[in-house]
Amino acid sequence: MATRDEEHDYLFKIVLIGDSGVGKSNLLSRFTRNEFTLESKSTIGVEFATRSIQVDGKTLKAQIWDTAGQERYRAITSAYYRGAVGALLVYDIAKHLTYDNVERWLQELRDHADHNIVIMLVGNKRDLRHLRAVPTEEARGFAERNGLSFVETSALDSTNVELAFHNTLLAIYHMVTQRQVRDSPHEENITSAKLQAIRVEPTAGTRKACCQ
């Protein structure tokens, strides 16, 4: 018997990429379980968690994959990217080297993922703004030049974590529904999907986690 969380209208695979230690695992756990582990350690393998959101009367289920340390061994294969329709490319705003490597990660994504994949550049650890090594405008300019969306987040205090994932899912949903309308042989009988703005509330400690 299917649980309520298993019922969905769309299932979207999103991958998290970026250097080890930039906070990918904590972004995943903050969004899907509202948890943060200060002393999280890199593990070998690939992990994923899920969470569903409601948009335009539809249930969008995000299956979010985390490299969980593989990046240090450069063992990420094309299988990791297969089927992904969204990606969060993460760097640490306090470590410029992780930002320098963004271009290499972006090239890997372009080489292995679908060319229509929705990509968001995420400057994580915004709570370390006193140690900032990557200016916001520099990263925003890189994102604009490469056709990426951009946001700065803090998995520690939840800043913009909801926004990053919600906006990525909205962009994917918009792309998929527009493609369905365009490819339909009965386009005149289909009402174009209208995206309704969703209010992104700060993650609250009492909120139910939507993951498995």
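**Close-up views of the predicted chain**

**View 1. Overall content of the chain.** Of the 212 residues in the chain, 46% are buried, as judged from a model that is predicted. The chain holds six helices and six strands, and from the N terminus on these elements follow one another as β-α-β-β-α-β-α-α-β-α-β-α. When contacts between residues at least 6 apart in sequence are considered, 76% of them join residues at least 24 apart. The chain exposes about 11300 Å², of which carbon and sulfur atoms supply 49%.

View 2. Six strands form an open sheet with mixed pairing, arranged in the order S2-S3-S1-S4-S5-S6. Strand S2 (47–55) and strand S6 (149–152) stand at the edges, and because each has a single partner strand, one side of each is left without a neighbour in the sheet. On average, with direction ignored, neighbouring strands of this sheet are turned by 25° against each other.

**View 3. The pairing of S1 with S3.** Strand S1 (residues 10–17) and strand S3 (residues 58–66) run parallel and are joined by seven bridges. Within this pair of strands, Leu11 stands opposite Lys61 in S3. In general, strands of a sheet pair through backbone hydrogen bonds, in either a parallel or an antiparallel manner.

**View 4. Two helices lying across the sheet strands.** Helix H4 (residues 102–112) lies across S1, strand S4 (84–92) and strand S5 (118–124), and the helix runs at about 170° to S4.

Conventions. Residues numbered from 1 in each chain as written. Predicted model: local features only at pLDDT ≥ 70, side-chain atom pairs only at ≥ 80, totals over all residues. Heavy atoms only, no water. Helix = DSSP H or I, 4+ residues; strand = E, 2+ residues; numbered from the N terminus. Buried < 20%, exposed > 50% of the residue type's maximum accessible area, 1.4 Å probe, protein only. Contact = heavy atoms within 4.5 Å. Areas by Shrake-Rupley, 256 points an atom, 1.4 Å probe, with all protein chains shown as cover. Pairing = 2+ DSSP bridges. Axes fitted to C-alpha atoms, helices over the stretch in contact; angles between N-to-C directions.
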